[in-house]
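Reader: I am new to this structure and would like to go through it by question and answer. Please show it to me before we start.

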Amino acid sequence: MGFVKIAVCDDEIIFARKLEKIINKYCTVKQIPFQIDIYQSGKEFIADNIKMMEYQIVFLDINMEEIDGLEAARELRKLCRDTYVIFVTAFINYTLEGYKVDAIRYLLKSDGNFGQSVCESLDAVFEKMQYKPHIREFSFQQGARRVALEKIVYIESSLHKLTFYVAEEGIVPYTMYETLNHIAAIFSGDFVRIHQSYLVNLRFVRRIEGNNLLLQDNLALPVARSKLKEVRQKIAMYKGVI
Amino acid sequence: MFEFVQGCSLVFLEAICCVIFFETFGERGRWKKGIFASRWKTILCLGVLSFPSAVLIQGDIWLQLVSNLALTIVIMMFYIRGSTGKCILLAIVLQGLLWLSDILALLAAPWLAQNDAAHSRKEDFLIALLVKMFLLLLLMVMNIVFRRRDARYIRARDWLVFLAVPVFSMAVTVSFIRNMEFVQTTGLERFFVEMALGFAAMNVIMFYFMQNIARREHLLHERALLDMEARSQTQLYKTIMEKVQGQRKLSHEYKNQITCIQALCEAGEYDKLEDYLKQISGEVLHDLDYIDTNNVFANAVLNAKYQEAVERDILMVCKINDLSGLAMDSSDLVVLLSNLLNNAIEACEKCPAEPSRESTVSVGLKLCLRKIKLKCVCEEGEFILSVRNTQNGALKKAREKLYSTKNDNPGSHGIGLKNVVQIVEKYGGYYAIGHTKSEFQISIIFPHMART
């Protein structure tokens with residue numbers, strides 16, 4: 001793993017130092033090269049747009065004067081979606097718009113397990129960082145193409161022909177002569193066979209409505225009666241992951 | 001006289017077979033009161049009423065068959081809840097089984113009583129009794145197998161031990177029959193017959209005894225469920241009460257604090273004032289809820305369980321959002337959350353805590369063995385609830401043994417989960433359970449659960 005840039009933004013300097021110490025120890029033990037910058041207010045943090053975007057991980061205190069952690073996170077999100085935001089707060093509150101700014105964790109300051117919580121959140125972040133898209137080459141009728149499996153919304157089979165619906169700019173269909181049973185093994189646990197002729201990526205599933213599976217962009221596909229139970233279980237498992 | 005008793009006992013044995021058979025395939029209790037509400041009265045009735053036909057139309061097998069069938073059908077229609085067609089069908093099948101047993105008796109007779117010269121009537125009776133006992137055994141097994149639902153609280157091994165009794169008594173009867181030829185005195189002959197009858201009666205009594213045990217086990221199980229629910233309700237009530245009282249105390253103290261601050265201000269002792277403020281702000285913070293979902297009931301449970309987890313050295317990671325629009329009965333929500341989190345905490349506790357703990361940092365860096373991840377969010381009208389916790393593989397196995405024989409059965413994860421599954425089904429939700437040796441996850445989705 002490359003060099004990780006981490007920002008800690010907290011107006012209580014003692015607390016920021018404590019956090020820094022924990023992160024320091026974590027990264028040393030895990031042998032991750034890192035750099036930590038400490039900001040003492042939200043204002044200071046968002047002052048430099050370009051610098052702000054360089055951080056991969058940001059610990060934000062929610063209760064800060066003038067510009068609080070949420071405000072700062074929103075500013076950050078306007079520019080960049082990939083930064084991992086971890087909120088540090090006195091208490092976890094629903095009103096936090098934090099859910100919208102897609103924070104990976106909330107940490108409770110007063111928690112006796114604070115050190116562990118920080119490490120757990122860093123574990124979660126690094127797990128996500130190390131994640132690489134599964135890219136495979138398929139020879140479509142439209143020509144050979146490298147496709148990330150994560151971008152395939154679903155695959156439809158009809159008459160020995162497969163149509164891959166891939167999320168690119170809009171959903172683009174690619175076709176090839178093959179059968180679903182033949183290639184199903186390539187697709188990992190994130191895919192579910194909902195029907196004789198459909199293999200769907202759970203990532204794009206919104207919900208089950210009666211016997212239909214609703215996907216993003218209001219797509220609806222029929223679920224085979226015999227597969228309904230299995231499909232529901234897989235969706236439940238997938239959505240339950242934190 | 002003795003022969004009359006023999007005849008009676010055979011008839012009643014048949015009646016008992018009949019009742020067991022009908023109970024296997026039908027629900028008893030069409031009548032709440034009267035003769036047919038009681039099993040033994042029904043058996044008596046069947047037995048007594050079949051006498052006239054047996055005496056009057058001796059000889060004509062077909063007429064006897066028809067009268068027997070009619071009697072069975074009429075009485076069972078009073079006894080069993082179910083359509084007439086079902087009663088007729090069951091009666092015909094039973095009659096067929098009785099016939100088969102008679103044929104079996106005829107076939108077995110030469111093999112059992114080898115010296116056909118001195119073929120006594122007592123021997124014939126014993127053979128008939130033996131075959132009836134065999135039929136009884138068959139029907140008992142059918143009852144146990146087809147009514148698995150009633151019998152599930154008694155383990156298969158116990159049932160096997162129980163089934164040894166009829167097999168044993170049949171073996172004894174066989175040896176009686178084979179030794180009959182050497183018996184010279186009528187007294188001993190009668191003794192043999194009485195013994196065999198005693199065994200047959202014992203079989204029947206044992207069977208109903210086992211059924212009673214099964215029923216009692218079932219009631220005990222139900223009670224355990226109810227107790228659990230009541231406990232979680234009381235717990236919730238307590239936490240809410242504590243919160244209210246805490247709040248009351250707080251607002252009372254607030255007044256005192258203001259007075260104190262005022263006094264310090266007036267005296268100009270600003271250093272002391274600063275100390276004092278620091279002190280009370282810590283207190284106030286301590287009394288606050290850590291997790292707020294905008295739903296009083298969810299808050300009460302989540303915060304109580306969060307505290308519990310922290311006290312037990314368990315790391316709890318939560319993902320929550322606004323649950324104010326949740327269209328679920330508050331008591332169900334409480335049972336759901338508290339059961340899931342109780343199970344998780346209990347499982348985590350069985351995991352070893354960290355070996356050493358010089359500082360928070362070093363603790364954090366060790367592999368955290370006690371961890372609960374909770375997701376409790378409303379998204380697109382769906383309520384998603386998921387709990388993932390570490391567990392000790394060894395414990396899991398012990399539990400499965402205790403609660404269930406099947407792996408897929410929710411009962412295998414403790415009684416609490418059964419309550420959860422009931423609630424999930426009540427709201428038309430669905431769930432998935434996954435576990436490895438060191439982790440357990442349950443994930444539930446309730447569709448159409450959020451008010452907009």
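Reader: In what order do the five strands of the open sheet in chain B lie?

Author: The model is a predicted one. In this open sheet of chain B the pairing is mixed. From one strand to the next, the twist averages 5 degrees. The order of the five strands is β4-β5-β6-β8-β7.

Reader: Which are the edge strands of that sheet?

Author: An edge strand here pairs on one side only. In the order β4-β5-β6-β8-β7 of chain B, that applies to the two ends. The edge strands are β4 and β7 of chain B.

Reader: What is the bridge partner of B:A432 in β8(B)?

Author: β7(B) and β8(B) run antiparallel, and six bridges join them. B:A432 has its bridge partner in β8(B). That partner is B:S443.

Reader: Which helix of chain A packs on this sheet?

Author: The helix touches β6, β7 and β8 of chain B. Its direction makes about 70 degrees with that of β7(B). The helix is α7 (residues 228–239) of chain A.

Reader: How many residues of chain B are in contact with chain A?

Author: On the chain A side, 34 residues take part. Elements of chain B that give two or more residues to its side include β5 (371–379), β6 (382–390) and β8 (439–446). By class, the chain B side has 20 nonpolar, nine polar and eight charged residues. The number of residues of chain B in contact with chain A is 37.

Reader: What share of the residues in chain B is buried?

Author: Chain B has 14 helices and eight strands. For being buried, a residue needs 20 or more other C-beta atoms within 10 Å of its own. Of the 452 residues in chain B, the buried share is 33%.

Reader: Are α1(B) and α8(B) roughly parallel or roughly antiparallel?

Author: Helix α1 (residues 2–25) and helix α8 (residues 186–267) of chain B pack with their axes 12 Å apart, at an angle of about 20 degrees. Angles under 35 degrees count as roughly parallel. Therefore α1(B) is, relative to α8(B), roughly parallel.

Reader: How many residues of the contact of α1(B) with α8(B) are nonpolar?

Author: From α1(B) the contact takes B:F2, B:Q6, B:S9, B:L13 and B:I16. From α8(B) it takes B:R190, B:V193, B:L197, B:A200 and B:V204. Two of these residues are polar and one is charged, and the number of nonpolar ones is seven.

Reader: Which residues in α5(A) meet α1(A)?

Author: The α1(A) side consists of A:L19, A:I22, A:I23 and A:Y26. The residues of this contact divide into seven nonpolar, one polar and no charged. On the α5(A) side they are A:G115, A:V118, A:C119 and A:L122.

Reader: Which are the edge strands of the open sheet in chain A?

Author: This sheet of five strands has antiparallel pairing and the order β11-β10-β9-β13-β12. Neighbouring strands are turned by 20 degrees against each other on average, direction ignored. The strands that pair on one side only are β11 (170–177) and β12 (191–195) of chain A.

Key: Residues numbered from 1 in each chain as written. Chains lettered and ligands numbered in written order. Predicted model: local features only at pLDDT ≥ 70, side-chain atom pairs only at ≥ 80, totals over all residues. Contact = placed C-beta atoms within 7 Å. Helix = DSSP H or I, 4+ residues; strand = E, 2+ residues; numbered from the N terminus. Nonpolar A, V, L, I, M, F, W, Y, C, P; charged D, E, K, R; others polar. Pairing = 2+ DSSP bridges. Axes fitted to C-alpha atoms, helices over the stretch in contact; angles between N-to-C directions. Buried ≥ 20, exposed ≤ 12 C-beta atoms within 10 Å, placed from the backbone. Parallel < 35°, antiparallel > 145°, perpendicular 65-115°, else oblique.
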